[in-house]
Amino acid sequence: MLTEQLLSIGLNHFLTISAILFGLGMFAVMTRKNAIVILMGVELILNAANINFLTFSKYNGGMDGVMFSLFVIVLAAAEAAVALAIVINIFKTFKTVDVSRVDTMKE
Amino acid sequence: MMHSLIQLSIAVLLLPLLSFVVLIFFNRRLPRMGDFIGLGLVGTAFGCALTIFWQVVVQHYDPAFRLAWDFTWLDFGNVPGVGPLQVKMGIVIDNLTAIMLAMVTLISTLVHLYSTGYMHGDPKYGRFFAYLGIFTFSMIGIVLSDNLFSIYMFWELVGLSSYLLIGFYFYKDSAADAQKKAFLTNRVGDIGMWLGILILYSQYHTFGYQEIYEHIKNGDFHMSQAWLTAAGVLLFMGCVGKSAQFPLHVWLPDAMEGPTPVSALIHAATMVAAGVYFVARIFVLLTPEAQQVIAFVGAFTAFMSATIAITQHDIKRVLAYSTVSQLGYMVLGMGVGSYSAALFHLLTHAFFKACLFLGSGAIIHAMHHEQDMRWMGGLYKKMPWTFVTFSIATLALAGLPLTSGFLSKDAILAGALGFAQVEGGGIYYLVPALGFAAAVMTAFYMGRQVWLVFFGESRTHLKPAEDHGHDAHAAHASHGHDDHGHEDHGHHEVHEVPWNMRFPLVLLATLSVFIVFSPDPLDGGKGWFMHLVQTPATVVASTEAAHEGANLSVPEAGKLLAEAHTDTQHVETAPAAHAEAASTEGEGHGPVYADPRQAEIAHMTHANHWNAIKLSSLMLLAGIGMAFIVYVFRIIDPDKTAQNIRPLYLYSFNKWYWDEIYDATIIKGSMLISKILAWFDANIVDGIVNGVATIFRKFAFFNGGVDKYVVDGMVNFTAFTVQTTGAVLRKIQTGKVQTYLVMVVVAVLGYFAFYIAQLIK
Amino acid sequence: MFEMPSGAEIQSIISILKGGAGYFVPEIYLSALFMVLIILDLVTGRKNGRFLAIVTIAGLVGSLFYIFKQQAMPDSEFFFGMYALDRFGIFFKYFFVASGILAVLTTWIDTPLKKQESGMGEYYALLVAMVVGMMMMASSTDLLMMFLAMELVSLSAYAMTGYLKREIRSSEAALKYLVYGAVSSGMLLYGFSLIYGMTGQTNISKIAMLLTMHGYNPLVMILAVLLIVAGFGYKMGAVPFHFWSPDVYEGAPTPVTAYLSVGSKAAGFAMLMRFFYIAVPHGMMGEISFLQIDWLWILMIVSAASMIYGNVVAIWQKNVKRLLAYSSIAHAGYLLLGIITMDQLGTQATLVYLAAYLLMNYGAFYVVIVIANHTGSENLEDYRGLGKRMPLAGAALTVFLISLVGLPPTFGFIGKLMIFSALLSKGSLFMWLALIGILTSVISLYYYMLIPLNMYLRESESQEEGVIETGMGAKIITAALMIATLYFGLFFQPVVNYAKYSSVLFGALLN
Amino acid sequence: MLSFIVFLPIIAGLVILAVPASQKQIIRIVSLVAALAQGVLAVLIWRHYDPTMAGIVAAPGGSPVGSFQLIERIPWITLDLGSFGPLRIEYFLGVDGISITMVLLTALISIIGVLSSWPIQKQVKGYFILYNLLSTAMMGCFVALDFFLFYVFWELMLLPMYFLIGIWGGPNREYAAIKFFLYTLFGSVFMLLVMIGLYFSVIDPLTGSHTFSLVAMADQANYIKGTILGPGSEQWRYIAFAVLFVGFAIKVPMFPFHTWLPDAHVEAPTPISVILAGVLLKLGTYGMMRINFPLFPEVFQAGMYVIGVFGAINIIYGAFCALAQQDLKKMVAYSSISHMGYVLLGLAAANSEGMLGALYQMFNHGTITAMLFLLVGVIYDRAHSRQIDKFGGLASYMPVYTGVVIVAWFASLGLPGLSGFISEALVFVGSFREPITRPIAMVSVLGIVFGAAYLLWSLQRMFLGKRKPDALYELEVDGHGHEHIHFHDWKGKLDLDARELTMLVPLGIIVIALGIYPMPVMGLLTTSINKLVQVLAPVAMSAVH
């Protein structure tokens with residue numbers, strides 16, 4: 001029973017999950033106040049894309065998707081590094097990591 | 001090689017101009033401010049004019065005499081649709097020209113001479129002569145021109161010179177107003193004239209009289225007859241302006257603001273004469289309808305101004321209105337088709353009216369710039385010369401037999417009667433009626449004037465010391481320009497004027513006697529003038545023919561005209577015979593007219609000659625008698641009468657309130673419009689057109705108060721949108737990165753949704 | 001589940017890579033320069049700003065030589081079709097190196113960066129890295145490559161934006177840029193993934209082939225395209241994906257602002273053109289319908305929006321840098337006009353416009369820096385009366401602004417001329433866009449002229465008169481830029497024709 | 001030769017650039033020399049000019065040689081537009097009847113301008129550099145025969161003008177300057193679109209490539225079928241004509257696009273007002289005659305009536321607005337609007353008399369209005385105010401000034417014997433001749449009266465009568481009872497001084513001379529105008545010949 005169910009898992013399930021992830025990511029990015037959480041949201045988005053890539057390469061062959069996702073993972077790490085550096089700097093200057101308070105420049 | 005006469009006439013034209021140029025620039029550097037230059041040059045001009053007069057009038061003595069010369073002034077090259085096209089300027093000399101030349105230059109010379117006395121000691125003495133020069137120049141230009149365009153040019157120049165002269169005492173506000181009024185009123189008339197010229201040009205691509213008349217004769221006028229009438233009337237408007245006919249007569253009395261010699265020049269020789277002269281020039285293209293209009297305008301003007309003249313106190317104003325009235329006669333004469341009579345009157349009137357003005361000038365001079373007749377009187381012993389000449393001129397003006405005025409006026413009235421009969425009576429009898437009524441009043445007010453001025457006791461002492469009545473500005477004038485001005489009014493020896501002011505009077509007075517113009521004291525028709533200046537044959541289709549022919553194609557109209565012509569031959573035999581008879585006794589030079597109407601009028605005029613004489617003499621007696629009754633025998637007290645008929649009196653005294661009416665309607669009206677438009681311009685147009693107006697409003701952010709021009713309260717959609725978009729869009733940039741992201745997502749999803757909607761459709 | 005490749009295959013792969021490397025020299029060279037800079041920064045002492053700058057310039061100039069050599073090479077794809085060498089790419093390589101050099105020059109005089117106590121080493125390294133990244137953006141023909149190149153640019157850009165660590169606005173800008181950029185690139189990536197899903201390919205030409213052959217589900221396609229446009233739009237700074245740019249431009253060190261506003265924007269356009277011209281199927285011109293090339297409509301809307309928004313909002317700005325930021329949004333709109341026409345003339349126009357934009361925008365920013373160095377402010381009010389005190393700078397800035405408006409005789413005018421020519425060459429099809437374009441450019445005149453207005457028409461409250469000495473180097477560079485702007489405004493033949501030469505690739509492909 | 005006359009001022013500008021700003025006198029003299037040299041060149045050109053050659057369109061065979069004169073034609077830029085084939089932009093100068101008049105006028109006015117700039121003390125260096133730039137641009141516009149070149153010069157005028165008004169202008173100068181700039185730019189951006197459309201549609205038969213050459217564009221045979229402005233797309237030709245017309249009409253300025261003019265004039269310093277009224281306004285109508293009408297003759301045929309109506313509106317409306325003004329300079333500005341209306345009316349008539357009148361009016365208005373603004377400047381220098389009601393009785397105290405004013409004023413109101421009259425008369429003659437425009441002409445004649453009205457009224461209020469109680473000058477009577485006046489802080493000569501006379505007298509002489517015998521200028525125009533009329537009315541021509 002479980003196995004059938006597992007076997008019956010198909011392309012659409014994966015896509016749905018990735019879509020949900022993407023949505024959650026966007027949601028987090030748009031709503032969370034804390035910069036770190038926002039970064040996590042970004043990670044969610046990227047990984048949603050990764051899931052897509054992997055699924056597609058799984059279902060219509062070819063290694064491109066896999067490679068793509070590998071690169072993305074690496075890149076996400078790099079990005080995170082830069083991001084954290086900047087967030088720290090923000091904390092130094094603004095004494096907060098609440099993004100919504102960082103709005104000296106507007107209009 | 002130019003004909004010697006042409007050369008002479010050019011000399012006549014340019015000499016006064018020369019005097020103007022020299023004097024305007026150098027009068028201060030010259031001894032006596034160069035008055036001798038003005039006098040000399042104009043005198044020379046007169047000499048030349050006299051030579052022309054002698055050769056043309058005396059030697060040739062031929063009604064058909066005509067001499068023309070022209071040169072290309074503008075060359076349009078080969079104009080598409082027309083071919084080679086030029087504007088020519090030129091000179092034409094015929095009897096009328098010769099006579100006018102002599103008259104104008106003579107009077108101008110006399111005025112110059114007179115002014116040497118009258119204007120003596122004026123700070124702008126020299127400039128005065130300069131102005132006289134250009135005035136004479138422009139008038140001579142009008143006389144000599146052979147085409148409408150150059151006439152129009154000189155016409156305007158006359159306007160300019162009158163502007164300068166009337167405003168000679170420009171430091172008086174009244175004078176400044178008067179000069180402006182004169183110029184603008186004339187401009188109004190000129191518009192009409194200009195449009196008339198344009199109508200003719202648009203048909204024939206030429207301005208020359210002769211060409212235009214040829215074309216019209218050949219009937220190739222491609223617009224309806226109505227346009228031709230319109231052209232006539234419009235051209236006549238020019239005359240209305242210059243000759244101060246109703247409704248544009250208002251400027252002339254105010255023109256009294258100018259120095260008296262100027263008034264003489266304007267009223268006698270130059271400006272007002274120009275109008276009548278011009279009508280004479282265009283006489284042949286006037287359609288019957290146009291002539292009727294002219295006749296009525298003339299008659300009404302003659303009557304109206306006569307009524308006004310009765311009640312005026314200012315000696316010059318009386319004369320002014322009499323001028324208007326006399327001009328009315330001339331125009332009336334033109335209207336009723338007695339061409340030569342009208343011109344005759346123009347000539348005679350020129351002399352005696354000049355005499356009158358100079359005389360009044362002498363009086364005013366002697367009275368130390370007292371112009372109000374109420375404070376004069378008893379001058380005949382003190383100023384015998386002036387008295388005699390003035391009286392002669394007065395009689396001539398009133399139209400006493402044995403004077404020149406009688407001859408001409410009588411001829412006009414005869415024409416009026418004839419016209420009325422030809423036009424079939426009824427309303428048309430109004431024309432002679434008004435004419436005769438005017439005659440009565442003329443006699444009356446002139447009698448009144450002479451009496452008030454010369455007879456009775458001197459009333460200078462009666463004048464209230466602080467009187468600054470409606471003509472007191474004249475007194476102010478003396479402050480400005482008269483060094484032996486008036487320390488105190490009038491209690492001061494009045495004496496005869498010097499010779500240089502007396503001589504013109506005498507000369508002009510002698511020229512007001514009948515013998516100068518005609519051997520027969522009762523019939524000007526026997527005179528050389530009527531012989532030399534004969535009514536030209538009209539070139540427009542006669543009435544009946546015209547009325548049908550108006551909306552027919554040209555050849556047919558021509559045919560009809562021919563028919564009309566022929567049937568006049570046999571139907572109108574009787575009058576034709578009459579005409580013969582009449583003309584034989586008039587030395588057998590009666591022209592034969594192609595146009596039945598014209599022929600008939602000429603005939604009836606002759607027929608009415610004697611009626612006119614009788615009637616007018618009657619009127620004359622009535623008028624003078626009335627004057628005697630009122631002022632000499634004092635049977636009726638004028639002041640009481642005035643009280644009794646106060647409304648009428650006031651109506652007349654205030655010149656029928658024309659000025660007030662115009663001021664209330666036209667002047668106020670246009671000022672109002674201009675105010676409105678200016679506001680409209682500053683507020684609405686600026687706003688609406690300038691779509692980004694409110695950008696300037698934002699601009700005020702950076703510097704205060706620029707946008708006071710960007711007017712508030714205007715509905716300005718573009719501006720409004722720009723403004724709001726700016727304001728709103730700006731707010732989107734909240735500075736919060738997350739809202740930015742929301743925007744992006746919204747945008748993407750928005751388009752996505754939009755797309756899906758498209759898909760579902 | 002995948003079996004290891006055999007030795008032979010590996011050999012072949014290596015040989016392919018070797019072969020490809022031959023076409024990759026400039027990028028390699030610059031990457032080397034990048035590392036050299038880092039090492040130099042380590043070995044040399046604190047105050048090594050000038051030295052590093054000279055090295056960087058030298059290196060960048062050197063790279064021009066290799067790029068020039070590439071012009072001789074035939075157009076080709078290599079690295080398994082991941083990367084292309086073609087005239088189009090070469091044009092942009094020149095472009096980016098030039099912008100890099102200018103960036104260094106602007107940095108040279110910028111006081112805040114000079115005062116930066118933690119040396120300038122990384123700065124120049126990042127700058128070079130960015131050049132490399134942009135080059136790759138312009139030439140990569142594979143989704144993966146595109147994404148990596150873009151990220152390379154973004155990461156270095158984030159760092160450079162926040163380079164003034166003590167500066168509040170700088171770090172704020174960095175944060176905003178980061179968050180915004182990360183999300184956008186995430187969306188881009190997701191769009192890519194969808195495309196990949198539909199085709200199973202990452203090479204854009206293969207993608208195009210498959211899409212046209214097998215057709216596609218329009219719904220998914222439009223979604224993908226939208227996400228991708230969002231990604232590119234963020235790089236181009238076009239409405240409605242522009243939000244980061246005003247804040248970042250204002251906050252970042254001015255040289256970086258200039259660099260971003262020209263360099264990365266151009267890179268975005270390069271990538272956009274390559275991707276959309278090649279990857280996405282489009283019917284012939286004229287028959288634009290909603291079901292066919294939807295992305296064209298998207299671009300039209302985006303461009304119209306950018307032109308209107310950028311110009312209208314710029315009217316309100318009081319800070320010159322921010323004002324220029326908004327104007328750069330507007331210019332993104334104008335540039336898009338060229339792309340929309342979808343033909344070779346349009347491409348040519350876009351390239352010319354970019355070239356003009358490089359000169360005038362850098363010029364403007366350069367003068368802004370010069371002025372800021374002496375007045376210490378970028379506020380409009382503080383520009384009062386400067387025209388008298390810095391005659392050259394004032395005149396130059398006026399010229400650059402006039403050029404940005406697009407008035408003759410400046411290079412900017414030629415750009416506008418070409419763009420509108422491209423639009424009108426399609427007859428009345430894009431008339432409405434052309435109208436928006438010219439009308440907004442009239443509006444733009446207004447706010448651009450605010451600067452000369454303050455410089456010349458107003459007197460400064462502060463009474464010190466006297467000409468401000470800006471230094472020889474600055475003067476020379478300002479003058480050079482100004483003269484170039486004017487010169488190419490009158491003798492633009494070489495530029496335009498070179499643009500034609502570079503756009504011939506798409507000429508073949510589109511017509 | 002044309003290149004010289006165009007670029008002389010720029011050279012002068014460069015020289016000035018080298019002169020230190022402190023050497024004001026040298027700077028002025030340099031510009032004056034340049035302007036005078038320009039004048040000399042202009043006279044030479046005038047002498048060389050052969051009035052029998054028509055111009056307007058190319059001679060048979062498509063070559064401008066033999067129809068235009070003093071041609072300078074150098075290939076400037078050749079662009080490869082891919083599928084659209086080559087595009088040639090040329091450095092292409094030449095004159096014909098229309099341009100030579102304007103060249104003379106421009107040379108004259110720019111000399112006057114330099115003279116009247118003499119008293120300017122503020123930033124003399126910058127002023128004269130901009131001034132010279134401006135005068136180059138103006139001259140260039142009049143001799144350019146390549147649309148691109150024309151456009152470059154056209155736009156080149158804006159910036160100097162902006163600064164000249166904005167820096168040396170009156171209290172409200174910023175507003176006036178930017179307003180001028182925006183208005184004109186608004187017009188010219190549309191022109192840019194039309195220009196592009198045109199070069200797509202036209203191929204020069206000589207080179208076989210797309211071209212900006214106006215001469216080629218003026219020949220309908222060169223238009224390619226199916227292109228956006230070629231035969232077959234009438235509606236776009238109509239639109240193009242309309243926007244082009246608006247572009248030029250803004251410069252004229254034509255109601256309702258005129259509102260920039262009063263502001264610009266009121267704020268601008270005297271010399272700039274002179275230039276603006278004397279030359280810049282003419283560029284609008286010149287553009288119409290050179291570009292707008294010949295390129296779209298059939299549209300023009302259709303639009304004549306409308307143009308005429310706008311002309312009439314300008315005449316009457318301008319006059320009325322002038323009547324209401326309190327500021328003398330503003331009044332003169334509106335009078336300019338009114339007088340340019342005559343030009344429009346004459347153009348609308350589209351026959352030789354009308355067009356001649358229009359072009360001659362352009363010239364005369366240039367000289368007359370220059371005088372008017374100079375005179376306004378004179379009184380402004382002395383009293384620092386232009387309020388008409390704040391004077392009165394000046395005639396008694398400044399006789400020479402008053403004399404010149406009277407000449408100028410009467411010239412402006414079209415008094416015969418002064419040049420203004422002839423042009424206005426011709427305009428009326430022409431417009432009345434055409435049945436289409438006849439009613440318009442009949443209405444516009446009112447302008448004659450109102451023109452006289454506002455001029456005479458202002459004359460009376462300022463110069464005649466007595467000193468107003470609140471007048472801006474003091475009156476004092478010396479021992480001998482002679483009256484003297486002085487303006488409170490005016491040190492110079494009370495009446496016109498030598499410099500002012502040297503500016504005004506030549507203009508006055510020109511005005512009078514051309515009023516008495518117009519052929520010297522008229523003779524230059526006739527051939528070209530007749531040609532232009534032919535070009536504009538092909539149908540009528542075929543009917544006649």
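Visitor: What makes the crossing of helix 13 of chain B with helix 18 of chain B left-handed or right-handed?

Guide: Helix 13 of chain B passes helix 18 of chain B in a left-handed crossing; that word applies if the near helix is turned anticlockwise from the far one by less than a right angle, and clockwise would be right-handed. By the way, this is a predicted model, where local features need pLDDT of at least 70, side-chain atom pairs count only at pLDDT 80 or more, and totals for chains, interfaces and linings use all residues. Residues are numbered from 1 along each chain as its sequence is written, while chains are lettered from A and ligands numbered from 1 in the order in which they are written.

Visitor: Which residues of helix 13 of chain B make the contact?

Guide: Among them are B:Ile315, B:Ser322 and B:Tyr329, and helix 18 of chain B brings residues including B:Gly435 and B:Tyr445. In contact means C-beta atoms, placed from the backbone, within 7 Å. The contact has nine nonpolar, six polar and no charged residues.

Visitor: How many residues of chain D are in contact with chain B?

Guide: 50 residues of chain D, and they meet 43 residues of chain B. The chain D side has 33 nonpolar, 12 polar and five charged residues.

Note on methods. Helices (H or I, at least four residues) and strands (E, at least two) are DSSP runs, numbered from the N terminus. Two residues are in contact if their C-beta atoms, placed from the backbone, lie within 7 Å. Ala, Val, Leu, Ile, Met, Phe, Trp, Tyr, Cys and Pro count as nonpolar, Asp, Glu, Lys and Arg as charged, and the others, Gly among them, as polar.
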